[in-house]
Each structure stands twice: as C-alpha cells, then as structure tokens.
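Reader: I am new to this structure and would like to go through it in short questions. Please show it to me before we start.

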Protein chains: 2
Amino acid sequence: MDVQYINPFVLAIKRVFETMVRTKVRVGKPFVKHDPCASADVSGVIGFSGDAAGCVVLSFPISVAVQAASKFAGTAIDESHPDFADAIGELANMVAGNAKKEFHGMNVSISLPSVIIGKEHMVSTSRSAPRIVIPCETDLGSMYVEVGMSVEKPTAATAAAAAGASA
Amino acid sequence: MDVQYINPFVLAIKRVFETMVRTKVRVGKPFVKHDPCASADVSGVIGFSGDAAGCVVLSFPISVAVQAASKFAGTAIDESHPDFADAIGELANMVAGNAKKEFHGMNVSISLPSVIIGKEHMVSTSRSAPRIVIPCETDLGSMYVEVGMSVEKPTAATAAAAAGASA
C-alpha cells in the first residue's frame with residue numbers, strides 16, 4: 001500500500017482511543033510487515049471498499065482488550081461477556097470510519113467487523129497486498145494496528161485524497 | 001441479517017471449492033450463531049460494503065486449511081509457506097465475490113482479506129449484527145463459513161436482489 005495513506009489511520013487511532021477509551025496513544029514508527037508480528041489474543045478485523053479496498057486489524061493482548069472494552073462500554077466486561085466482541089468490533093469500526101473521513105473525494109464504505117479471540121494467534125502477512133503495522137503504546141498496555149489498502153485505479157480524486165492525507 | 005441473502009453464499013462456497021479446490025462441498029443447514037462455534041485454527045476474513053455491509057469468514061482446522069491451500073495453489077504449501085495466507089485470503093475473496101454477483105442491482109464491493117492463524121481461536125458472536133453459520137463438509141474435512149450482512153436502507157434494488165437471491 002501507498003504509505004501516504006497511513007497518516008489518517010494514525011490520527012484515527014489517537015482520536016478514537018482518546019475520546020472513546022479515554023487513554024492516550026503513543027504511536028511508534030509504522031513499518032511494512034514482512035514477518036508475522038508479536039502474537040495477539042484478541043483481534044478486531046474490519047474491511048473497507050469502494051474507490052479503495054483495504055482492511056484494518058486492531059490486535060491486543062487479552063489484558064489490554066479487556067481494559068479497552070470495559071472503558072469503552074463504561075462497565076467492566078471481560079472476554080466472556082456477550083458485549084465484549086461488539087465493543088472490540090465497534091472500536092475497529094470507529095478507527096476505519098474515522099480514517100475514511102480523511103480520504104476526501106474518495107467513495108469508501110465500511111464492512112461489518114469480525115472479532116477473533118484466541119490465545120497467541122497471528123495475523124498473517126500477505127505477499128500480494130503487504131500491510132503496514134502501526135505499533136501503539138497506551139496507558140493500558142501495548143497494541144498494534146495493521147492496515148492494508150489498495151487503490152487499484154488512481155483517479156484525480158484519489159490523488160487529491162492522498163495529497164490531503166499526507167499533508 | 002435477512003436469511004434470504006444466505007443462498008448466494010451457499011452457492012458461492014460450492015462453486016469456489018468445486019472449481020478452485022476441486023473438492024465437493026456438502027452444506028449443512030445454516031443457523032443463526034448464538035454461541036461461539038467449534039474453534040478454528042485458520043480463518044480467512046473478508047468484508048464487503050456499499051448498498052449492503054457485511055463480512056464472510058471461512059474457518060478451518062489446520063489440516064483442512066493446508067490441504068485446501070495446497071490444492072488451490074497446485075503445490076504443497078503448509079501454514080509456514082509465504083503463499084499460504086494469500087491462498088486462504090483469496091478463497092475468502094472468491095466466495096465473497098462470487099456471492100456478490102447474485103445481488104443484482106446492488107452496488108457492493110469487496111475489501112482486502114485478513115488471515116488469522118492460531119490454534120483453537122474463536123470467531124466471536126455479535127449481538128448487534130448476528131451472523132449466520134454455514135456448516136460445510138468437504139472431502140478434505142469439515143469447515144464452516146459465517147456470514148453477516150446488513151442492508152441498512154432497503155431500496156427497490158435491494159428488495160429485487162433479495163427476491164432474486166431467494167428464488
């Protein structure tokens with residue numbers, strides 16, 4: 001993916017976690033994923049499509065996911081709570097939706113999220129559509145966000161969106 | 001989700017696995033997911049959006065995923081092979097894309113796939129957007145496909161697509 005599109009996701013992670021989870025996020029240097037990252041226990045996966053196709057995956061250790069879901073929900077919920085997955089899915093949805101707003105002039109819409117729970121799972125690398133990993137430190141602990149995005153037929157609108165995104 | 005939209009996914013699973021993996025698929029009765037299903041080792045997750053938002057998750061035990069990826073790739077590849085995730089992701093992409101074709105009159109596009117590998121992970125249920133599980137028996141072993149779909153503002157086109165899908 002074109003790295004100039006990554007900034008909207010960095011901004012979206014900060015905005016969503018600071019307003020909805022009330023935790024500061026310190027974003028490390030994004031990098032192209034060549035090998036599987038550190039394993040995660042909870043991943044919220046959401047896709048987007050339209051003028052650009054992509055995906056956003058929020059990956060957490062269980063302790064960070066439980067704290068984030070609880071702060072988001074405003075009440076203590078653990079991974080067995082029936083609202084836990086919806087909380088994590090909604091965070092993924094908000095990050096994707098918030099980033100999307102920065103792609104002015106591009107018609108992009110968001111899929112339904114899926115939430116994976118499993119001790120030490122890996123989100124695989126893709127040779128055909130490499131992903132960018134955004135490492136994040138929060139007051140709750142570490143997490144990482146990965147983003148894949150493919151603009152198959154750049155148009156004047158997508159070029160303008162990319163220019164705006166990197167501004 | 002409206003169960004009348006499930007038939008295109010059933011047809012798509014059969015078509016994709018019979019043509020691309022060269023294995024017959026016997027589809028069991030789809031059901032609404034209330035509890036997490038049997039755990040999986042490999043899941044290919046893809047979203048779609050536009051006139052309908054949704055997601056498709058193909059979930060496999062490792063032995064079935066390795067066989068399916070190998071037959072799809074035309075050469076033996078296991079979960080550590082760099083093309084393994086792309087093969088599973090492409091199967092998810094093809095199932096979603098093939099089903100989409102049945103939604104005549106609806107403008108729906110497909111996201112990039114994500115592939116999760118981790119022993120005995122669960123794809124969580126969602127209270128806000130319940131998923132339909134399509135249990136599948138193949139010559140390679142069992143797998144299941146789950147589908148979520150939300151048509152937020154039904155239009156004449158989506159009504160026609162639903163009627164066509166259930167015909």
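Author: One definition comes before the questions: a residue is buried under 20% relative accessible area, exposed over 50%, and partly exposed in between. The model is predicted.

Reader: Is A:Arg127 buried, partly exposed or exposed?

Author: The relative accessibility of A:Arg127 is 53%. The cut-off for exposed is over 50%. A:Arg127 therefore counts as exposed.

Reader: Which residue forms a salt bridge with A:Arg127, and where does that residue lie?

Author: The closest N and O atoms of this salt bridge are 2.9 Å apart. The pair crosses between chains, with A:Arg127 in the loop between strand E6 (114-123) and strand E7 (132-138) of chain A. The partner lies in the loop between helix H2 (62-73) and helix H3 (84-100) of chain B, and this partner is B:Asp83.

Reader: Is B:Asp83 buried, partly exposed or exposed?

Author: B:Asp83 has a relative accessible area of 28%.

Reader: How are the two copies, chain A and chain B, related?

Author: A rotation of 180 degrees superposes chain B on chain A, with an RMSD of 0.0 Å. The shift along the axis is 0.0 Å. The two copies are thus related as by a two-fold rotation axis.

Reader: Which C-alpha of chain B is nearest the axis?

Author: The distance from the axis to this C-alpha is 2.4 Å. In chain B, the residue that holds it is B:Gly47.

Reader: What percentage of the contact residues of chain B recur in chain A?

Author: The same surface serves both copies. The share of chain B contact residues that recur in chain A is 100%.

Reader: How many residues apart in sequence are the parts tied together by A:Glu146 and A:Lys33?

Author: A:Glu146 forms a salt bridge with A:Lys33, at 2.6 Å between the closest N and O atoms. A:Glu146 lies in strand E8 (residues 141-150), and A:Lys33 in the loop between strand E2 (31-32) and strand E3 (40-50), so the parts tied together are 113 residues apart.

Reader: Are A:Glu146 and A:Lys33 buried or exposed?

Author: The cut-off for buried is under 20% relative accessible area. Both A:Glu146 and A:Lys33 are buried.

Reader: Which residue meets A:Arg15 in a salt bridge?

Author: A:Arg15 is in helix H1 (residues 7-20), and its partner is in the loop between helix H3 (84-100) and strand E5 (108-110), 87 residues apart. The N to O distance is 3.2 Å, and the partner is A:Glu102.

Notes: Residues numbered from 1 in each chain as written. Chains lettered and ligands numbered in written order. Predicted model: local features only at pLDDT ≥ 70, side-chain atom pairs only at ≥ 80, totals over all residues. Heavy atoms only, no water. Least-squares fit on C-alpha atoms with pLDDT ≥ 70 in both. Contact = heavy atoms within 4.5 Å. Salt bridge = Lys/Arg side-chain N within 4 Å of Asp/Glu carboxyl O. Helix = DSSP H or I, 4+ residues; strand = E, 2+ residues; numbered from the N terminus. Buried < 20%, exposed > 50% of the residue type's maximum accessible area, 1.4 Å probe, protein only.
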